[in-house]
Each structure stands twice: as C-alpha cells, then as structure tokens.
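Got the sequence and the model up on your screen? Let's walk through a few spots together, one question at a time.

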Amino acid sequence: KIRKLVLLLPGHNEELIIKATIRSAIAAGQNIKDIYVVNDCSSDNTEAIAIAELGSDHVLTVERSGKALAVKQAIDHFNLDERYEWLHIADADSIFSPDYFRHFRKKLNSQKYAVALGFVQSLRGNWISTYRALTYTYSQHVIRRVQSKLGMISVFPGPITCFRTDIIDKLEFGGNSLTEDFDITLQVHRKKLGEIVFIPKAVNYTQDPQSLADFCKQNLRWQRGFFQGVQK
C-alpha cells in the first residue's frame with residue numbers, strides 16, 4: 001500500500017533542535033511512522049537523538065555528502081519514492097506550525113502539481129531574525145504570490161518543499177551546487193515536470209544566523225549559488 005506523504009529531515013550537527021523539529025512535525029499532523037532522518041555524518045548526538053525519537057529503522061547515517069546527496073541516499077535506502085506519493089524535505093533545524101501538514105494534504109490531491117511549497121518564517125532571535133522576518137514576509141506574501149499565479153516560482157526553499165515522488169527519478173542530485181534548492185528549482189522548470197502550488201497557511205519557522213559574520217557568509221553562498229545555477 002502506498003502511503004501518501006513522507007517527511008525526510010536531513011541534518012548535520014543538529015543535536016540542539018532536532019528533537020523539537022521531530023515533535024513539532026508530529027504535533028503539526030505528521031504520523032511518526034512517516035518521518036525519516038538522514039544524518040549527514042554528524043559529530044554530535046544528532047543520530048542518537050533521532051533514533052531515540054523515531055527508532056533505528058527510520059534513521060540513516062551517511063558519510064559527509066552535503067544535503068542533496070544525503071537526501072538521495074535516504075530516498076534510495078528507504079525506498080521513499082516507491083512507498084509514498086509525496087516527499088516533503090525539510091531542514092532538521094526548523095519548527096512546523098500547528099496544522100502544517102494538514103494544510104499540505106488539502107492541496108495534494110491534484111496530480112497536476114509536481115511541487116508544493118509552504119511559507120518559511122524566522123524563529124525569534126536578534127535583529128538579524130527580525131530583519132529576515134520582514135524580508136520573508138514581503139518576498140512571500142507579495143512576490144511569491146505573484147510568481148505562483150504566473151507559474152514561475154523562482155526557488156524552492158529547503159525547509160518547506162514537497163515533491164510528487166514520480167518526478168524524483170527525473171531530478172539530478174549531483175551535490176556540486178552551493179544552493180541545491182535553486183538547482184532543483186531550475187531542473188523542475190527546465191524539464192517541465194508540472195505545476196507548483198504555494199500554500200501560505202503552512203508556516204515553517206527556521207533558525208537564521210545569529211551573528212553578522214554568519215549572516216554575510218550565508219548570503220554570499222546564496223548569491224554564488226544563484227550565479228552558479230544560472231551559468232549551469
């Protein structure tokens with residue numbers, strides 16, 4: 001029997017928050033039997049915490065691979081593309097809002113959609129989180145709503161993206177991109193794999209950098225990844 005929606009959490013050194021992420025997913029409507037973790041060679045207690053929450057048969061540890069390749073290894077190891085109709089990939093350092101997955105399931109009945117996106121927002125923090133909350137709100141409530149109407153959403157953010165599993169084998173998880181989210185987005189558009197639906201009521205809160213140096217480093221990676229994707 002094919003189960004409808006699976007959640008996969010790739011993580012590297014996320015011991016401080018992965019338990020809260022898993023428990024928030026359950027509280028948001030996801031069955032614990034349909035949650036998996038791929039541990040990307042963490043040096044902390046990420047693996048042990050995930051096993052304690054989900055059981056060893058729902059946790060895979062791989063050699064340091066980067067998010068994209070770790071995700072692909074987990075899909076193959078757990079046969080997720082064969083056992084499920086939809087695959088939701090989220091970061092292991094995020095918190096799901098109440099009813100997050102219930103909002104998704106209401107939209108996943110149509111086969112015309114290849115990808116479904118929620119709404120990403122910042123966890124509370126310092127001024128960087130406040131600034132990010134402002135930019136996320138504008139970029140999604142305004143820009144992404146317009147992009148969604150025009151069928152031209154420009155990026156599938158890591159914490160909030162759900163794929164119809166029959167398109168997984170058409171995507172390349174090369175691991176050679178600085179921004180795997182943008183790389184996958186370009187592939188879906190270029191290969192015309194289907195429509196994308198935006199679900200603004202499904203909010204996922206993500207941890208932003210808490211220092212100016214980390215903030216600049218993250219933005220530099222995003223910008224380099226953008227031009228790398230365009231060039232590719």
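## Loops, pockets and a helix pair

Bear in mind that this is a predicted model. Let's start with N79, which sits in the loop between α3 and α4 (80–83).

Q: What is the phi of N79, which is not a glycine?
A: Most residues other than glycine have a negative phi. N79 is not a glycine, yet its phi is positive, at about 55°.

Q: Is N79 buried, partly exposed or exposed?
A: Buried means under 20% relative accessible area and exposed means over 50%. N79 has a relative accessible area of 35%, so it counts as partly exposed.

Q: Which loop holds D99?
A: D99 is not a glycine either, and its phi is positive at about 70°. Its relative accessible area is 35%, so D99 is partly exposed. As for its place, D99 lies in the loop between β5 (94–96) and α5 (100–107).

Q: Is D40 buried or exposed?
A: D40 belongs to strand β2 (residues 35–40). The cut-off for buried is under 20% relative accessible area. D40 comes in at 4%, so it counts as buried.

Q: Which residue's side chain makes a polar contact with the side chain of D40?
A: Leaving out residues up to four places away in sequence, D40 touches G11, H12, V62, E63, R64, S65, G66, K67 and A70. A polar contact needs a pair of N or O atoms within 3.5 Å. At 2.5 Å, the side-chain pair that D40 makes is with R64.

Q: What distance separates the C-alpha atoms of D40 and G66?
A: G66 is among the residues that D40 touches. Along the chain, D40 and G66 are 26 residues apart. Their C-alpha atoms are separated by 7.0 Å.

Q: Which element gives the largest share of the lining of the largest pocket?
A: The largest pocket has a volume of about 1,800 Å³. Elements that give two or more residues to its lining are β1 (3–11), α3 (67–78), α6 (127–150), α7 (180–190) and α8 (212–231). The largest share is nine residues, and it comes from α6.

Q: Which residues lie nearest the centre of the largest pocket?
A: The lining of the largest pocket has 17 nonpolar, 20 polar and 13 charged residues. It is made up of 50 residues, and the ones nearest the centre are D91, D181, Q218, R221 and W222.

Q: At what angle do the axes of α6 and α8 cross?
A: Two packed helices are described by the angle between their axes and the distance between the axes. On the distance side, the axes of α6 and α8 come within 10 Å. On the angle side, they cross at roughly 35°.

Q: Which residues of α8 meet α6?
A: The residues of this contact divide into seven nonpolar, two polar and one charged. From α6 come W127, I128, Y131, R132 and Y136. Across from them in α8 are L212, F215, Q218, N219 and W222.

Q: How much space lies in the second largest pocket?
A: The second largest pocket is lined by 13 residues, with G151, M152, G194, E195 and I196 nearest its centre. α7 and β8 (195–206) each supply at least two residues of that lining. By class, the lining divides into six nonpolar, four polar and three charged. The space in this pocket is about 190 Å³.

Q: Which residues are closest to the centre of the largest cavity?
A: There are two cavities of 30 Å³ or more, and the largest cavity holds about 150 Å³ of space. Of the 13 residues that line the largest cavity, the closest to its centre are I89, F163, E180, D181 and I184.

Q: Which elements each supply at least two residues of the lining of the largest cavity?
A: The lining of the largest cavity divides into eight nonpolar, two polar and three charged residues. The elements asked for are α3, β7 (161–164) and α7.

Notes
Residues are numbered from 1 along each chain as its sequence is written. This is a predicted model: local features need pLDDT of at least 70, side-chain atom pairs count only at pLDDT 80 or more; totals for chains, interfaces and linings use all residues. Side-chain values use heavy atoms; hydrogens and water are left out. Helices (H or I, at least four residues) and strands (E, at least two) are DSSP runs, numbered from the N terminus. Buried means under 20% relative accessible area, exposed over 50%, partly exposed in between (1.4 Å probe, protein chains only). A polar contact is a pair of N or O atoms within 3.5 Å; within protein, one must be able to donate a hydrogen and the other to accept it, and residues adjacent in sequence count only if both atoms are side-chain atoms. Contact means heavy atoms within 4.5 Å. On a 1 Å grid over the protein atoms alone, a cavity is a set of points where a 1.4 Å probe fits but cannot get out, and a pocket is an open set with protein on both sides within 12 Å along at least five of seven lines; lining residues have an atom within 4 Å of a point. Grid points are joined across faces, edges and corners, and a volume is the space filled by probe spheres set on the points. Ala, Val, Leu, Ile, Met, Phe, Trp, Tyr, Cys and Pro count as nonpolar, Asp, Glu, Lys and Arg as charged, and the others, Gly among them, as polar. Axes are lines fitted to C-alpha atoms, for helices over the stretch in contact, and angles run from 0 to 180 degrees between N-to-C directions.
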